[in-house]
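Work through the following exercises with the sequence and the 3D view open. Try each task before reading its solution.

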Amino acid sequence: MLNGKHIILGITGSIAAYKAAMLCRLLVKEGAEVRVVMTPLAKQFITPLTMATLSKHPILVEFFNPENGEWNSHVSLGEWADMLLIAPATANTIAKMVTGVADNLLLTTYLSARSKVAVAPAMDLDMYAHITTQNNLKTLTERGVAIIEPTAGELASGLVGKGRMAEPEDIVEQVKAIFESAKKKSLEGKRYIVTAGATIEAIDPVRYITNHSTGKMGYAIAEELAKRGAEVRLISGRTNLPTPKGVERIDVLSAEDMYNAAVREWREADGGVMCAAVADYTPVVVADHKLKKSDDDMRIELKRTKDIAKELGATKGERVLVGFALETDNEKANAEGKLERKNFDFVVLNSLQDKGAGFRGDTNKVTLIDCNGHEEHPLMSKKDVARVIVDKIETINKR
Ligand code: C5P
């Protein structure tokens, strides 16, 4: 979930600094890249060696290295970060953040940061309850800083009350929620259509032609788009999946039905993701009675279906259109062909040669292909693949 996120973990001089080690480990485990900035006093509570080992980078404390004069640039750190997380945050650091005092590297980094900022206060109960601290936290909240509330319990002083830093697991959950809620609003006011699942082409009232698609990938994409605030019309072939929260589902059976629904919904849409496994051929004649067997072989004449993606691509304009390519051979060349033929902004290629990719499972291994090149991703859950795809849709939207 935090894959590739750049997090500066700021540690200040509180006994709760020992929990920063676990916090750092959890963030790294979730895929985040972590750089640790400590205040001089924090070094008394937890060693730089511990934090450097866990974050896999030297920690930063001073403005410059006195041995060689090399600067630790708070400006580039601030630009690098997706989040500045100060945990534990003392009453002292919180007060300095409010007033703009910049007497250590962590505070100058705070003033330079363009990223989200979150603080997890840790202090004695009376310091926490003090009107000054409460007013400072209120001011930070008004300025958009997320406060990860301390919990009540036994404190280092022996007193019992509110002031214990939140547990590392809870801080990680809140960090994820902050990233999620920022994403949520990003597609508000946009309408997307998603096609998903397998179509069914009737041969007679009993038999049909279909394929192995479960619809899981398309449903995960619809869910992710809705989570980020988009209005989603999910045009769904046959699946056993529940409708994702906040998504309007339109059930269809045949490729023809899916075509009609997609073309209709496309008129009002800002973008589309073509995830359905649409039959390429359908019987020329659908028998109105059950076909009887005989001793002879049988031939069913098939005709081409309409290509939904190609039709939408032809009327795309400035809108975003994403397609899928499920290939068994000559994968990249085939996917590039689709990119051009169907006028997709990018194609999500999955190869049936990769273990864990394609139909049925909960995982997928994809390569995103656009006119600039290939972006290969490791094996991931379909939900994580959906996040990667919607992230890319957002970068196209921003252009
Ligand atoms: O040409 P091919 O079927 O391999 O292309 C796959 C892409 O085109 C997928 O995004 C699929 O959803 C879409 N498609 C479509 N209508 C069809 C066939 C494919 O929208 N009739």
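## Exercise 1: A helix and its cover

Leu105, Leu106, Leu107, Thr108, Thr109, Tyr110 and Ser112 are the buried residues of helix 6. Buried means under 20% relative accessible area, exposed means over 50%, and partly exposed lies in between (1.4 Å probe, protein chains only). Helices (H or I, at least four residues) and strands (E, at least two) are DSSP runs, numbered from the N terminus.

The model is predicted: local features need pLDDT of at least 70, side-chain atom pairs count only at pLDDT 80 or more, and totals for chains, interfaces and linings use all residues. Residues are numbered from 1 along each chain as its sequence is written, and side-chain values use heavy atoms, with hydrogens and water left out.

**Task.** State how far helix 6 is enclosed by the rest of the structure, and find which residue caps its N-terminal end.

**Solution.** 
Step 1. Helix 6 covers residues 105-112, and seven of its eight residues are buried, so the helix is largely enclosed by the rest of the structure.
Step 2. The N-terminal cap is Asn104, with a side-chain oxygen 3.1 Å from the backbone nitrogen of Leu106. For such polar contacts, a pair of N or O atoms must lie within 3.5 Å; within protein, one must be able to donate a hydrogen and the other to accept it, and residues adjacent in sequence count only if both atoms are side-chain atoms.

## Exercise 2: The ligand

**Task.** Which residues come nearest to the ligand?

**Solution.** 
Step 1. There are 14 residues around the ligand, and Met274, Ala276, Phe324, Lys338 and Lys342 come nearest. A residue counts as near if one of its heavy atoms lies within 4 Å of the molecule or strand in question.

## Exercise 3: Salt bridges

**Task.** Find the salt bridge partner of Lys338 and that of Glu375, and say whether each residue is buried or partly exposed.

**Solution.** 
Step 1. Side chains of opposite charge can pair when their charged atoms come close. The term salt bridge is used for a side-chain nitrogen of Lys or Arg within 4 Å of a carboxyl oxygen of Asp or Glu. The whole structure has 30 of them.
Step 2. Lys338 pairs with Glu327, and their closest N and O atoms are 2.4 Å apart. This pair links distant parts of the chain, 11 residues apart: Lys338 is in helix 13 and Glu327 in strand 16 (residues 320-327). Lys338 is buried at 18% relative accessibility, and Glu327 is buried at 8%.
Step 3. Glu375 meets Lys392 at 3.5 Å, N to O. Glu375 belongs to strand 20 (residues 373-376) and Lys392 to helix 14 (residues 382-398), so the pair ties together parts 17 residues apart in sequence. Glu375 is partly exposed at 33%, whereas Lys392 is buried at 13%.
Step 4. A network of salt bridges links Arg191, Glu231, Arg233, Glu248, Arg264 and Glu265.

## Exercise 4: Backbone exceptions

**Task.** Where is the cis peptide bond that involves Pro88? What is phi in Lys56 and in Asn330?

**Solution.** 
Step 1. Most residues other than glycine have a negative phi, and most peptide bonds are trans.
Step 2. The bond from Ala87 to Pro88 is cis, with omega near 0°. Pro88 is placed in strand 3 (residues 83-89).
Step 3. Lys56 is not a glycine, yet its phi is positive, about 65°. Lys56 sits in the loop between helix 3 (48-55) and helix 4 (74-80) and is exposed at 62% relative accessibility.
Step 4. Asn330 has a positive phi near 50°. This residue is in the loop between strand 16 and helix 13 and is exposed at 52% relative accessibility.
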